[in-house]
Amino acid sequence: MHPFCCVSAVSDHSSPANPATPFAGLAMPPLPAAARSDSALRHGQAHHCVINGGDSGRASLPPAAVAVDVRINDLVGNGISGILHKWVNYGKGWRPRWFVLQDGVLSYYKIHGPDKILVNSETEKGSKVIGDESTRFISRNRSSNHVSNHRRKPVGEIHLKVSTIRESRSDDKRFSVFTGTKRLHLRAETREDRVAWMEALQAVKDMFPRISNSELMAPVDNVAVSTEKLRRRLVEEGVSEAALQDSEQIMRNEYAALQNQLLLLKQKQVTLIDTLRQLETEKVDLENTVVDESQRQLNDQEASSRLRQEKSSEASASESEDDNERNDAAEEETDDDDAAFFDTRDFLSSSNSFKSNGSDFRVSSFSSDDEGLYAVESEEDVDPSIRSVGTNYPYVKRRKKLPDPVEKEKGVSLWSMIKDNIGKDLTKVCLPVYFNEPLSSLQKCCEEMEYSYLLDRAYEWGRRGNSLMRILNVAAFAISAYASTEGRICKPFNPLLGETYEADFPDKGFRFFSEKVSHHPMIVACHCEGTGWKFWGDSNLKSKFWGRSIQLDPVGILTLEFDDGEVFQWSKVTTSIYNLILGKLYCDHYGTMRIQGNQDYSCKLKFKEQSIIDRNPHQVHGIVQDRNGKTLSTLLGKWDDSMHYINGDYSGKGKGYESMSDAHLLWKRSRPPKFPTRYNFTRFAITLNELTPGLKEKLPPTDSRLRPDQRHLENGEYEMANSEKLRLEQRQRQARKMQESGWEPRWFARDKASGTYRYLGGYWEARKQGNWNACPDIFGQIPSEHISDEGQ
């Protein structure tokens, strides 16, 4: 007999019913079901020997523990198995999986495809099977008695010790399991099956009770070591008194050292908990800070893998399902979320191929440094007559980069603004030019015409009698207007009252004109003419400041009219800019855009609002309906990447379109410029403020290209740009007085019926004649009488 078996630890506050141990300060969870059932007797005997030191050789467990074991054994037995439907994504919907609950771990396997597992009465021997569907599935495989020798590899595993189980409030067959990092949405075949699964999962979950902070930090009871039994045993062996005392002292020293070790471990545990709490409080700020960088990295990864995606799209959808499932398990969808959004990245990777028709093309404006505005990469079976529409314009050489800065660039920060304006009257503070990009709001309106080829193709489709393809291309054009906003953290220049901008792009087949028609409220009106279409509108923004972000709600209607009389109208969605004070700035667009047509079709587009943990942001989902409300086509994609369409009502509920082979490409974003700028300009945006040879002499004195502060900023002359911006801001203060005294825009007039500004005409005729007598020099020096008025 080992001498230690005779030693018992006795607490100062011990009682026969509650013996204490040196481990009283550390609450240990019970063993898993399998371990408890296999070793309960052995564990009970060891516990009895060491702690109680009694004479009984029979193990005894507390009544509560016995009751828990009985309940778990009744519910779980040697394991639970059965079929549950797991939510994968909106492209795949609910998919059946074989779930196994054993030893506190919930595992699931595929039952279809090349990676399916073998399930029969032999493999599930001893397990409790839930559900008639599961029983029928086993019966169908009864003829296959062969049991695979290799270990069954699960698609995923959930440890219930660290998980939370929740029933759905809206569906009596659904429930979810959340681990803190990912959520599994599950659906049983019947309500009774869900009850059985919930009871089994909760029973196993109860085996791992959560420890409260008060219990975790409770002081360790003082432990006294009783050596009476050891003394009696050694006396029987004839040991001397001196040896007895030495043995007792050795035992006390060993137990004291053990208790000190446990106290040290507990102190480390408390320190760890405090650290975790501190990390939790910093979590939101950290996520807000890195979200922009993670989006940037994701975009870079997607750009570098586009070629691989095109190759992998020829493979079967089942080959990529493993990765999709592991990723999609991390998505958290609430029961109350009734908006359906496709996982665009999973959709692209799971599609077998994109069938080409007249709309299946990839056009990249300014895509090649050696070619014109377009570099078309098309499928061989694309209709050549459609492929050439929007791209067969003359070549015009334009710049590929901005001028090299003269001065050293200064970063955009709140501190730089405060430092430069210390001691000044805050009501007259002019924001530094560092916050601007060398484009005005008038030019930003023109930037939305980058993918005007979509309107050319829409006109051609309508001319051929295909009105459905027309509205699909119009919808793609409306979405493409947001593509250039990704990564644009600087604000455009606020135009002066009466400021104008023209853009004559024969290489893109359109000419554009815009004017600032009102200072308060600030309204910009534009008009554009292309091949077979006209586009016009005015825009005003209502802003709401939320402390760390600003919300911009656009006001105004955009109108597109084709030469055959078909008209479409829509309004823009809400834009929010985040991290105004701390962290990296980023913007997001969300809301519903409705494109109303005056003939057969209308379109509704839903821009999904981005969340902090969203792994696939910027998603857009839309439908095209006829006058009777029947859905004829579905759009899906991302506003900063590409848009696709599927004929018919693709609800994303997992029914049909298994291979997604019926998806067609509508629009794809252009490649980034060869020479990137700190403003994140696209290739098209780089050309908007360019003064091509001979252009300056043809422009009116109100054109944005002639604005001095904007030109200095583009050249990298920041000090000059700041001084010129301050001068023009002082002049701008006269704008309200001019507007109140009856000032009217030169080239636009408000339509009394609709309330929108319409182009009056005459600009391009005046440009041809060089007659700008009616256009004031708004960028010149302030007249002396105005300076005196300002000072009064």
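Of the 792 residues of the protein chain, 46% count as buried, where buried means under 20% relative accessible area, exposed means over 50%, and partly exposed covers the values in between (1.4 Å probe, protein chains only). The model is predicted: local features need pLDDT of at least 70 and side-chain atom pairs count only at pLDDT 80 or more, while totals for chains, interfaces and linings use all residues. Residues are numbered from 1 along each chain as its sequence is written, and side-chain values use heavy atoms, with hydrogens and water left out.

The protein chain has 22 helices and 30 strands. Helices (H or I, at least four residues) and strands (E, at least two) are DSSP runs numbered from the N terminus.

Strand 15 (residues 500-505) has 5 of its 6 residues buried, so it is largely enclosed by the rest of the structure. It is joined by 6 bridges to strand 16 (residues 510-518), and the two run antiparallel; strands pair if DSSP finds at least two bridges between them. Asp504 has Arg511 in strand 16 as its bridge partner. The hairpin has 4 residues between the strands, and Gly509 takes a positive phi near 80 degrees there.

Beyond strand 16, the backbone shows a further feature. Pro521 lies in the loop between strand 16 and strand 17 (523-530), and the peptide bond from His520 to Pro521 is cis, with omega near 5 degrees. Most residues other than glycine have a negative phi, and most peptide bonds are trans. His618 is placed in the loop between strand 24 (602-607) and strand 25 (619-625) and is buried, with a relative accessible area of 2%. Asn680 belongs to the loop between strand 28 (663-668) and helix 17 (683-686); at 29% relative accessibility, Asn680 counts as partly exposed.

The aromatic side chains come next. The structure holds 22 aromatic pairs. The rings of Phe562 and Phe568 have their centres 6.2 Å apart and their planes at 85 degrees, so this pair is edge-to-face. Rings of Phe, Tyr and Trp (its six-membered ring) pair if their centres lie within 6.5 Å; planes under 30 degrees apart count as stacked, over 60 as edge-to-face and the rest as tilted. Both partners are enclosed: Phe562 counts as buried at 1% relative accessibility, and Phe568 counts as buried at 0%. A second pair, Tyr763 and Trp772, has ring centres 5.3 Å apart and planes at 40 degrees, so it is tilted. Tyr763 is buried, with a relative accessible area of 0%, and Trp772 counts as buried at 12%. These two belong to a cluster in which ring pairs link Phe513, Trp747, Phe748, Tyr759, Tyr763, Trp764 and Trp772.

Charged side chains also meet aromatic rings. Arg470 lies over the face of Phe562, at 4.1 Å from the ring centre, and the charged end of Lys401 sits over the ring of Phe675, 5.3 Å from its centre. A charge sits over a ring if NZ of Lys or CZ of Arg is within 6 Å of the ring centre and within 35 degrees of the ring normal.

Ile778 shows how a loop residue can be enclosed. It is found in the loop between helix 21 (763-769) and helix 22 (784-791) and is buried, with a relative accessible area of 8%. Ile778 and Pro701 are 77 residues apart in sequence and 7.2 Å apart in space, C-alpha to C-alpha. Not counting residues up to four places away in sequence, Ile778 touches Leu496, Leu497, Gly498, Glu499, Pro701, Thr702, Leu728 and Arg731.

The cysteines complete the account. A disulfide is a covalent bond between the sulfur atoms of two cysteines. A search of the whole structure finds 0 disulfides, the criterion being a pair of cysteine sulfur atoms within 2.5 Å. Cys490 is buried, with a relative accessible area of 8%, and Cys603 is buried, at 3%.

Key:
Contact = heavy atoms within 4.5 Å.
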